[in-house]
Each structure stands twice: as structure tokens, then as C-alpha cells.
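Welcome! Please take a moment to look over the sequence and the 3D view below, and then read on for a short tour.

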Amino acid sequence: MRENKKTTILNHYSAWKYVLLLVTIIIMLFSALPTFYGEDAAVQIGAKAGLKVDSLALHHLLESQGVNVKRIDQAKGETLIVLDDNSQQAQLKTMLSEQVADPSELTLTLAPDAPNWLLSLGFSPIKLGLDLRGGVQFLLDVEIEPVYKLHYDALVESVRQFIREQSLYGAKVQQRSSGKVNISVSDPNQRQALRQFVKQQYPNWRVTNAGDSALNVDLLASEKINIRDLIVKQNLQIMRSRIEQLGITEAVVQRQGEHRIRIELPGVQDPAAAKSVIGATASLAFYQVMQPGSVNAKVLIDELKAPVYVARKPVLGGEHIIDARASLGEMGLPEVVIHLDRDGGKIMSNFSRDNIGKPMATSYSEYSRDNKGQIRQTTEVISVATVQSQLSDRFSITGAGDYASAQQLALLLRAGSMTAPVTIVEERTIGPSLGEENITNGFSALALGMAFTLLFMGLWYRRLGWIANIALVANMVLLFGLLALIPGAVLTLPGIAGLVLTVGMAVDTNVLIFERIKDKLKEGKSFAHAIDRGFDSALSTIIDANFTTMITAIVLYSIGNGPIQGFALTLGLGLLTSMFTGIFASRALVNWVYGRDFSRDVKV
Amino acid sequence: MNFKKLSKLTRARYLSSLMSLMIMFCSVGIIFVNGFNWGLDFTGGVVTEVKLDSNIKAAQISELLALHSDQDVSVISAGEAGRWVLRYSQVNAESSTSITDVLAPLTHNLEVLNSSIVGPQIGQELAEQGGLALLVAMLCILGYLSFRFEWRLASGALLALFHDVAFVLAFFALTQMEFNLTVLAAVLAILGYSLNDSIIIADRIRELLTSKPKMAIEAVCSRAVQATFSRTMVTSGTTLITVSALWIMGGGPLESFSIAMFLGILIGTFSSISIGTCLPELLKVNSEHYKVEPICDAP
């Protein structure tokens, strides 16, 4: 397709442009191909799982239980079982868990169906959103207020202590409901001393005058944001480690907005199991047990709803816990062995030394949201044990129930300190059959729309129409190729709608150009000249027209989420590829085929 | 240029502008009177889609659901026989008994196709976000238009835009079809597409104004409409074809999206010819003290 005639510049693209065009389209074609082969649900058995049977026996066993296996791959000790029917994935995992020594080594995954040579080139299928694959999605809300409250409480406590130590009689500290801490103090010297104290000890707080005899202390806004970011990041980390235990390779854990976390679990069909791991927010605290009826005590309840009087402030909170493991203790009772950090170990060591022979309560708090959307904290004393000896940074608690619940408690505690309650605010489950139905519907709509458009353009513009049609097909190839190449790009059902719209709109670029060419032909220009002028004069209109749609696509992408982002993505990418194929690729074709046609009686 | 034919077209434009104005006022009225049937995405609540034996009636399902929940549950047929959408208005943490258990007396052959639980605060946030998205998109477009075209031409495109969005919203208010997140995405996409037509005509007007400065303004507008007419028809036609394909084949989840897009493209094409060209004309006439009074008398 090399152009040899270099006598005129009119309608001439140099060879490198054709090469560029061809290379781009070929690369994108390869990139788009694996998507058409599709993916199959699979379960991977890790090398350490300890598979009890060989692959042949396994195949036999699975077939006999009604699981349709497509193939079983074994490499480097790992076994991959690829299914014929995607909806059997969960069933397969349950069945396999009986055949291996360690069920936690089983992971749900997807196996591309494309030939190996294509995959080894580094191309992979387009990632499908949950609405097309089926799965569970959770949106978690990280409640930051309780964390702020801890900070306020600490400040109030510290100022109170300062007032006592310095004997600043008459000074009073209280926390207002608005969040501010109010210190009422009439003496100017005392006020100055207090102000100085807060400024030195708490540089992240702002002290302001409240009238003549009081001070207001509040957290700086920047510090609040700082705290919030830290808490959300910590929770993201916790969620990732919890999700890992569910064994789903393609799970997504992402921050969404200021204080939300989005979790996507493709392939999961039972939200309840996932929920119990994600949803529960637990924290542990150790309290000194006080005399019943004591004034400085707060009342917690134990499993039997009996009151337990404990000190107002816990000796130690869950944030000091580094590790927690369930085990069977000396008496054969299930227990949770807790490992504390240095500070926590010191505090616990000091406390237990001073309180040998006295009881210590362990409380377990869970956060949930009631039907009015309010956060509710339920705290239960899970054990009251007598301190037998000085405890170190490693000790065990009993009373969590049977071994399974000890394991559950350990799992929750291991994830770290949970000072910020996390609640599930949105939950969506898409069954696998609906996902497949969505894919079929979406793509048949795309095929139908494409067929009609190709037919219409071919009939309406005849010869130029076929150029527009080739450009349209190239456009789709580019679009699919790009979607597969761009990391993080996910195809959703609205995304397919975006593709269908793109088909309808992509021809607009060509239509605009062809109409201009028609005009120029009417003015009496030759075909070649009309082509040249037509492409040039349509360019600014094309850019203007596409730019506004691009604006909405960008706004949608940045503000929307999940499926809507998928729509914005295909819409935006579709605009870019349609400009590329409509202007560049179709020009190259037109130049090549009609560029030398100087006749004046052409019908378009 | 045949003057008679031109004036006919001009008259048609003015008449259609009047119609557009009426449509716009009616639309705004309908939106305020009827309000929207907000979908789960915006209100929060629980929606479950189930598939069971096709001979089971809606009344049987509602009866069983009423036993287990003290709130109203709407049972809506999902198009196909045996497919139902169950919608609760409130998220109830306590009654999280699985739907399979609740409907067990009816059938054991039950498949949960999808289920969504959205907390009330999420819904409200989404509604606010959606409103924000609309506003931001409008402002960005306004910025681009005033940068690219002078304000009189831009105002025509913008009024047409408002007209189209109002019409589509009014349709959803009138039919009380569910207004969910995908419909909102469609409305935002309409923002982009409606401008498409208006801009292409505005581009022509600008081109004609500079190349033929002595031409009367209504003739310029009519000429621009005429010159772009076949392009408008072809593009709108292909887009309508593909959207119809989506409507026919896309299934339930994309139905309201396709309807919104279909109407949006249809009305967008109409408005770009009617008020899209008439408003700039009106403004232009007033500003330059032309003696010819336009028939189109916008308030």
C-alpha cells in the first residue's frame, strides 16, 4: 500500500502514516482478541494445599458429582481446575475443601480461554464489572466521629490532670456537644497557664478565647483530615488482609470518597459468609474490675446480662494488639493468645504487677447500625479473670466460647485495632446467571446496532459509506483493544450501553466530512479537491461537537462510581477512537482509493 | 436562493420554537407537580430480584412477605413470567432472614438473581452527587461554549440543552418510571449529545455570518439549518437506530436508559433546529436594532 507517486501533495499521506495506522490496528486487534475467547471460572489449588488425589482421580470424582470440568492444569505443584459452567464455582470450592489438607489454599479465579501464544504476548481479556460477572459488592462506611471523640477525651483528661497538679482551683473543663472543649477559668494568670499548657502539649489544637472567663480548644481542621486519612488507610489495610483470607484473587478493596471503602468480590454468591468477615467490627479492651456500686465505675454486662462494674477508663485498648491466635489452653479450654506491642506490654505489666489477685475484665465491643442508620455499640464482658501473676506482652484470655468462636475472635483482633467502627451501608449481589444474561443482552444489542448502522451507511453514502464502515469496524477494534490494555479499565453493563452509543455517534465524524465533500462537489470542484477541502473544513466542527460530550464523560467519570464510571469510560474512549478512525484512518483510506480521482461528476 | 422556500423554513422554525417553549413550560410544570419515582439508588432500601415457578401469583408472594415484615413490600413483575422484583422501602437490620427461607412455603425452586441493599444516607449522598454532576457538567459546558462561540450563539445551544433535559425529566415524572443512577447517566449523556447538534448548526451560522455579512439573520439561520439538515438526520438516525437496538435487546436493566437516550436524542434534534437557532436570532435582532420584528415572541 505504499504510495509511489510523489508528484503532488494533494491527498497524500506519507508511508510512515500508513505504517503507524496498520501497526496501531494490528496491536489493538491482538489486544482485543482474548476478550472474544472469554474467561472461565476456575478454582486454583495452591502448592501448599496438600491435594489428596491426583488430577485424573479428581476429574473422575468431580464428574461423578455433576461438576462439568473443562480442563485441569497442573504446573509447579499448583492445580487449576477450569469449569465449563461458571455458576458451579462456589460448589466446586466446597467440594474441593474436602479433598485438600488446607482449604485456605483454595482460591476462586478466572482462567482466560484464549490460546496460549496470545496470552504469552502479554494480552489479557477485558476485565468485567460485577454486573456482568456476578458477585457481591459492599460499601463500607468508616465512622470517624468516635475516633475524634477519643482525642477529645484524651485532651479533657490531660487538662484535668494539669489542673489538679497545678492546683488551679476554680478551673473547669467540659466537652461541648459541638465538639469543642470548653475550659472555664476566671483568673487571667491561670488562663495563661492553661493556654500555655495546651499549646505546648497539643500543637495540633487551636486555643481561642470564649468571652472573658473561658477558653475554647478545638482540633485543627487539617489535623482532623489527617486523622481521618490515617484511619481510613488503616481500615483499608485491615480489609485487604481480611479479604485475602476469603481466597478471591480478583477482589477489589478501594477507598471511595472521604470515608468509604468499596469491596468487590467477584464470583461470591453468598453475601452472608463474606459479610461476617467484613462487616463485624470488633474491639477489645481490658478493664480493672471495681466494687459493685462504686461511684467511679461504669457498668458493662456479661453474657448472662449480669452487671460488671469496671473502671471508667480501660487499662488497655485494642490498638495495642499486634497478634491474636486461637489455641487450646492447658485445661483443654479454647483461649485466645494475645500479643501486645511494647507500650501495651509495659502498661499491662505495670497494671498486673499492682493488681495481683484482683479481677480483670475483658470486654468485646461490636459496632452495628440499627434500622435508623444510627451506630450502635454493643459491649459485652467476655471474661473476668483474676490476675494470677505479672503479665507480660504475651498472655491469653479465655471465655470466648467454643474453639470456633475463639478462632473468629482471634481473626477479628488480629486485623488490628478497630477504634473506628465500620458499617456496611450498601450491599449488592448479582447472581451469575444474571451476569451472563447481561453480557448476552448487551452484546446482542451491540451487534444489532452495529449491523443496522453498517447497512444504513453502506446504502446511504455508497462508496464513501464503505469507507465509513471500515472506519467504524476499526473503531470498535481500537476501543476493545484499549479497554483491555488500560489498567483498571472495567467493562460494565452501562459500559456496553456506552459502546452501543459510540457506534451510533462514531459515524457522525464521517457524516460531517461527507456532507462537506458533497457541498464542495455541488460547488463544481473535482472529487479529489472536494475531499481535500471537505476534510479540512469539517475538522473544527468535529472537535467542537466532540468536546462537549467529552466534558460530560469526564464529569461522569470523576463524580460517578462503579457501573456509571464504566459508562463514562467507554463514552470518553469511544470519542477519542472515533476521532482517530473518523479523521485519520478514513482519510488514509480515502486518499489511497479516491485521492487521484479528479472527475467532476461523482455522486456521493 | 428561493425566497419563498426560505421564508417557509423560517416560519417553520419560529412555529417549532413556540412549540418548544410550550413543551419546556409544560415539562417544568410536570416535574414540579408529579415529582420523580426515585429508584433505590437515591432513596435507599432493599430490592431483590427472584426467579421462581412461573405459575406463582404476585398476591401469593406479597402475602408471605407481609407475614415476615411489617413494612409495605411492592412486588413487581420483571417482564418475564416467574421473575419478580421485590422492593422494601427500609433497610431493616433485624429482619435479615433470607428471602429463600421466607418464600420456602411457595417453592424450593427459587433463584435470587440479584439483590441490593442501600443505606438511606448513601442514597441521599448519591442524589446530591448526581445534582452536583449535572451542575458541574452544565458549568463546564457553559465555560467552553462562551470561550468558543460568542454568548448569543451559546445561549441558544444552552436553552436547547435545558429544554431537552427538562423534557426527558418530565417524561420520567409523568410516567413515574423509576429514576435511577443509569437514567441519571443517560441524562448527563443527553447533555453532551443535545449540544452536538446545536453546535454543528451554530458552527454553520458563524461561518455564514463571517462569509456573508450582509445576509439577513433569519436567512442565515435558515440557511445553516438547511445546510446541516441531512447531516443532522443521518447522525440522529444512526444514533436512534443503535439506541433502539439497545432498547430491544438490552433487557430490563438498560430499558429506562435506552428510553431516556431515545427521547433525548429525538428532542435534542428538534430543539437544535427550533429554539437553538431562534434565540440567538432574537438576541441578535434586539441588540442591533433591526427593524424586522421576529414572529417568535419569547417572554
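Which residue takes a positive phi in the hairpin of E14(A) and E15(A)? Lys305(A) does, with a phi near 65°, in a hairpin that has four residues between the strands. Please keep in mind that this is a predicted model, in which local features need pLDDT of at least 70 and side-chain atom pairs count only at pLDDT 80 or more, while totals for chains, interfaces and linings use all residues. Residues are numbered from 1 along each chain as its sequence is written, chains are lettered from A and ligands numbered from 1 in the order in which they are written, and side-chain values use heavy atoms, with hydrogens and water left out.

**How confident is the predictor?**
- The complex receives an ipTM of 0.82 and a pTM of 0.76 from the predictor.
- For chain B, the average pLDDT (the predictor's confidence in each residue, from 0 to 100) is 79, and 86% of the residues score at least 70.
- Over residues 285–299 of chain B, pLDDT stays under 50.
- Where pLDDT is low, the predicted coordinates should not be read in detail.

**Where the chains meet**
- Contact (heavy atoms within 4.5 Å) involves 63 residues of chain B and 59 residues of chain A.
- The buried area, meaning the accessible area (1.4 Å probe) that two parts lose on being put together, summed over both, is about 5400 Å² between chain B and chain A, with carbon and sulfur atoms giving 63%.
- Five salt bridges (a side-chain nitrogen of Lys or Arg within 4 Å of a carboxyl oxygen of Asp or Glu) are found across the interface of chain B and chain A.
- Glu207(B) and Arg516(A) form a salt bridge, with their closest N and O atoms 3.2 Å apart.
- Several elements of chain B each supply at least two residues of the side that touches chain A, including strand E5 (111–118) and helix H7 (181–211).
- The largest share of that side, 16 residues, comes from H7(B).
- By class, the side of chain B that touches chain A has 35 nonpolar, 17 polar and eleven charged residues; Ala, Val, Leu, Ile, Met, Phe, Trp, Tyr, Cys and Pro count as nonpolar, Asp, Glu, Lys and Arg as charged, and the others, Gly among them, as polar.

**Strands side by side**
- Strand E22 (residues 422–430) of chain A runs antiparallel to E5(B), joined by five bridges; two strands pair if DSSP finds at least two bridges between them.
- Ile117(B) in E5(B) is the bridge partner of Glu427(A), and Asn114(B) stands opposite Ile430(A).
- E5(B) is also joined by seven bridges to strand E2 (residues 45–51) of chain B, again antiparallel, and there Val47(B) has Ser116(B) as its bridge partner.
- Back in chain A, strand E14 (residues 297–302) and strand E15 (residues 307–311) pair in the antiparallel sense over five bridges, with Leu300(A) opposite Val308(A).

**A charged pair within chain A**
- The whole structure has 20 salt bridges over all chains.
- Arg255(A) forms a salt bridge with Asp229(A), the closest N and O atoms being 3.0 Å apart.
- This pair links distant parts of the chain, 26 residues apart: Arg255(A) lies in strand E11 (residues 252–256) and Asp229(A) in helix H8 (residues 221–244) of chain A.
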